[in-house]
Amino acid sequence: MPVQEYNVKVEAFEGPLDLLLHLINRLEIDIYDIPVAQITEQYLFYIHTMKELQLDIASEYLVMAATLLEIKSKMLLPKHEEEMLQVDDDFADYEEDPREELMNRLIEYRKYKEAADDLKELEEERSHLFTRAPSDLTELMKNVAPDEVKLDVSLYDMLGALQKLMRRKKLQKPLQTRIARQEIPIEKRMAELIEDLRQYKGRKHFFDLFPESSKEYIVVTFLAILELLKKNTIRLDQENNFADIYISYQEGGKEEVGYY
């Protein structure tokens with residue numbers, strides 16, 4: 001007669017408090033009024049079961065078993081009338097509960113366990129989402145013809161792009177840096193932008209015109225872009241409303257950039 005396999009599945013517990021909380025939930029016990037005799041019996045039953053299955057039992061499980069037995073013995077001890085008479089009248093109705101410390105530990109453990117379960121659920125939801133790291137698509141945009149759709153890039157769009165740029169530069173800024181004050185004439189920056197866009201021969205992303213992260217440099221560059229836009233020396237393109245802004249050199253504009 002063939003031997004029939006019998007598989008036993010033992011729930012894994014993260015510690016004695018986890019086992020106690022499991023017993024309290026399974027037996028539907030009020031955590032604020034724990035029947036120590038019943039919970040101790042069930043706890044010792046699990047300990048003996050793990051021994052029979054030749055599972056390694058950590059010392060903390062045995063310490064908890066001793067604690068439960070100690071609490072159980074205190075609950076069974078008779079209360080002497082002489083001791084009760086010595087208690088002041090104001091505290092006659094109060095008696096220290098030997099279960100109180102264990103109860104508080106279980107309540108705190110349950111809070112952390114529920115928080116861990118919530119985080120685990122969020123982790124499971126996030127595991128179904130896959131994100132791609134940002135990539136530079138500038139090379140792909142060089143030979144792309146500008147969209148024929150006429151979209152008015154307003155000053156508010158430019159300010160919105162500048163706000164995104166400032167936020168990005170702030171995140172990329174090193175924790176330690178040395179600040180050196182440097183005066184940058186706006187006319188000089190305008191000439192640099194014209195030369196850069198001429199050599200590029202295509203549309204350039206708005207953010208790419210700000211290679212330096214200093215606030216003064218960003219402000220001067222932004223004002224230079226506005227001046228060149230006023231002179232029709234550059235052109236702004238936007239694929240859709242609220243999309244990224246691209247800048248290109250425009251023939252026929254007023255290129256005279258002088259120092260006032």
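View 1. F210 counts as buried, at 1% relative accessibility (buried is under 20% relative accessible area, exposed over 50% and partly exposed in between, with a 1.4 Å probe and protein chains only). This is a predicted model, in which local features need pLDDT of at least 70 and side-chain atom pairs count only at pLDDT 80 or more, whereas totals for chains, interfaces and linings use all residues. Residues are numbered from 1 along each chain as its sequence is written, and side-chain values use heavy atoms, without hydrogens and water. F206 is likewise buried, at 0%. Ring pairs join F206, F207 and F210 in a cluster.

**View 2. Edge-to-face pair of F45 and Y46.** Rings of Phe, Tyr and Trp (its six-membered ring) pair if their centres lie within 6.5 Å; planes under 30 degrees apart are stacked, over 60 edge-to-face and the rest tilted. By this rule there are three aromatic pairs. The centres of F45 and Y46 are 6.3 Å apart and their planes stand at 85°, so this pair is edge-to-face. F45 is exposed, at 52% relative accessible area, while Y46 counts as buried at 19%. The pair of F206 and F210 is tilted, with 5.1 Å between centres and 55° between planes.

**View 3. The largest nonpolar core.** This core has 25 residues, and L20, I39, Y43, L102 and L106 have the most contacts inside it (a core is a set of buried Ala, Val, Leu, Ile, Met, Phe, Trp, Tyr and Cys residues joined through side-chain atoms within 4.5 Å). Apart from it lies another core of 23 residues, including L165, M190, L209 and I234.
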